Amino acid sequence: MILQMNNIQKQFDGLEVLKDISFGVDSGEVVSIIGPSGSGKSTLLRCATFLETIDGGEIQYMGEKAVHTDESGRTVYVNQKELRRFRSYYGLVFQQFNLFPHYSILRNLIDAPMVTQHRSREEATETAMDLLTKMGIADKADAYPFQLSGGQQQRVAIARALAMKPEILFFDEPTSALDPELTGEVLKVIRQLAEENMTMVVVTHEMAFAKAVSNRVLFMAGGVVVEQGTPEQVFDNPQEERTKQFLRVFER
Amino acid sequence: MTLETMIITMSSGMLEAIKIFTLTLAGALPFGMVIALLKKSRFFVIRAIVSAYISVIRGTPLMLQLLAWYFGPYYLFGFNIGNWRFPALIMGFICNYSAYFAEIYRGGIESIPVGQYEAAEVLGYTPAQTFNRIILPQVIKRIMPAVTNEIITLVKDTSLAFSLAYAEVFSLAKQISASQASFTPFVIAGTFYFVANYVVEFILKRIEKSMDYYK
């Protein structure tokens with residue numbers, strides 16, 4: 001297991017957003033999380049990436065505990081230094097890209113590997129140029145984020161996450177901020193990564209994409225995982241009424 | 001007194017004004033950042049103290065603050081303030097301008113989207129690295145127009161040193177004007193401030209332009 005989350009609970013001002021969620025991701029798996037807005041799917045990703053602290057439960061990467069709830073019910077995280085080590089296991093692609101506007105595209109890709117992973121400039125640059133080539137934007141290496149289209153920026157963001165050589169890559173609605181005509185180029189890149197057996201968790205509203213790319217689909221609603229299974233099971237033969245109701249909206 | 005002698009007599013005052021300006025900036029630009037960061041402290045007491053400090057500094061005239069810095073040690077502790085004039089002047093200016101710079105910095109820091117912090121955090125930057133490498137460069141770009149405004153005001157505010165009878169250009173202009181019954185010294189002083197600000201504006205515009213390569 002690359003990621004294992006057990007009995008995750010999260011509240012915002014007394015409102016339960018995640019109610020006892022457990023889920024794991026195996027190496028090479030592509031998991032899509034679908035569900036209505038407010039179902040807690042983005043919050044789940046933000047808890048997995050420590051951007052939000054959980055109120056109860058356990059998170060493990062590579063079999064190591066990053067946070068657990070002890071006997072007295074207190075949720076205990078490892079210290080900041082250890083947390084940074086855990087962060088090297090994963091990458092996160094945001095809905096809003098969040099590229100660093102004052103850095104060139106190349107610098108966006110090499111700065112963190114050099115500063116936080118102490119890699120040499122030569123090595124970081126080589127990795128970065130390979131990734132940009134793969135994303136089809138090697139010619140933009142010296143450009144700045146504002147000079148790129150949304151689709152190109154999101155591909156840079158994916159490359160920036162991959163430059164850290166993570167074990168698992170999370171996507172938080174990676175195409176929601178893009179024009180319909182630009183979503184295709186981003187989805188294509190994610191699909192390509194799936195073919196290379198990159199372990200990924202994708203929160204998405206792109207149902208056709210989720211169906212085509214994932215090994216497993218989780219349907220979340222109201223802070224719980226309502227149903228999960230292969231794409232065929234969840235999309236073609238949903239068992240729960242809530243799932244059917246949600247999918248009907250997309251069929252129309 | 002000829003125009004030439006007036007200018008020569010006042011030139012020492014011009015140097016003094018430049019000295020006040022330079023020392024104030026050298027102190028207030030960094031000290032303002034310290035205050036801005038303290039105002040974002042986790043501890044309520046620190047935030048409250050800093051807020052009160054900013055309120056007092058912004059709520060009272062700079063001239064009064066200069067007088068307080070100069071005469072305060074004598075009235076409060078009975079200290080001899082013989083050599084205290086120039087230090088008091090610089091302390092007053094630095095403390096006053098730091099408060100304004102602090103508010104500009106704070107506004108700049110708070111204008112950076114939270115996504116920048118989150119992206120940096122996920123990439124493993126420490127909080128200090130995040131601030132120095134990711135946040136601060138963007139803050140500097142955003143606050144340049146406001147900082148330029150403040151620096152130009154500072155050039156003119158150096159004239160308030162006359163309230164401690166410190167011999168900078170405006171004090172000298174007043175003296176010479178009184179003794180020679182002439183308005184010319186004020187014209188010279190005015191020209192000095194204008195030219196100084198013209199140079200300041202030119203330099204700051206260059207700096208602002210150097211950060212134009214990104215949006």
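1. Sheet of chain A. In this predicted model, chain A has an open sheet of five strands, ordered 2-1-4-5-6, with antiparallel pairing. Strand 2 (15-25) and strand 6 (75-77) of chain A are the edge strands; each has a single partner strand, so one side of each lacks a neighbour in the sheet. From one strand to the next the twist averages 20°.

2. Helix 1 of chain A. Residues 41-48 of chain A form helix 1, which packs on the sheet and touches strand 1 (3-12), strand 2 and strand 4 (56-61) of chain A. The direction of helix 1 makes about 115° with that of strand 1 of chain A.

3. Strand 5 (residues 64-69) and strand 6 of chain A run antiparallel and are joined by three bridges. One pairing to look at is H68(A), whose bridge partner in strand 6 is V76(A). Helix 2 (residues 80-87) of chain A lies across strand 4, strand 5 and strand 6 of chain A, at about 125° to strand 5.

4. Extent of the A/B contact. Chain A contributes 23 residues and chain B 20 residues. About 2,200 Å² is buried between the two chains, 62% of it on carbon and sulfur atoms. F100(A), H102(A) and F146(A) supply 27% of the area that chain A buries against chain B, more than any other three residues.

5. Polar links and make-up. Three salt bridges are counted between chain A and chain B; D111(A) and R133(B) meet through their side chains in a salt bridge at 2.7 Å, N to O. Eleven residue pairs are in polar contact between the chains. Helix 2, strand 7 (90-93) and helix 3 (105-116) of chain A each supply at least two residues of the side touching chain B. Helix 3 gives the largest share, five residues. That side of chain A divides into 14 nonpolar, three polar and six charged residues.

Methods:
Residues are numbered from 1 along each chain as its sequence is written. Chains are lettered from A and ligands numbered from 1 in the order in which they are written. This is a predicted model: local features need pLDDT of at least 70, side-chain atom pairs count only at pLDDT 80 or more; totals for chains, interfaces and linings use all residues. Side-chain values use heavy atoms; hydrogens and water are left out. Two strands pair if DSSP finds at least two bridges between them. Helices (H or I, at least four residues) and strands (E, at least two) are DSSP runs, numbered from the N terminus. Axes are lines fitted to C-alpha atoms, for helices over the stretch in contact, and angles run from 0 to 180 degrees between N-to-C directions. Contact means heavy atoms within 4.5 Å. Buried area is the accessible area (1.4 Å probe) that two parts lose on being put together, summed over both. A salt bridge is a side-chain nitrogen of Lys or Arg within 4 Å of a carboxyl oxygen of Asp or Glu. A polar contact is a pair of N or O atoms within 3.5 Å; within protein, one must be able to donate a hydrogen and the other to accept it, and residues adjacent in sequence count only if both atoms are side-chain atoms. Ala, Val, Leu, Ile, Met, Phe, Trp, Tyr, Cys and Pro count as nonpolar, Asp, Glu, Lys and Arg as charged, and the others, Gly among them, as polar.
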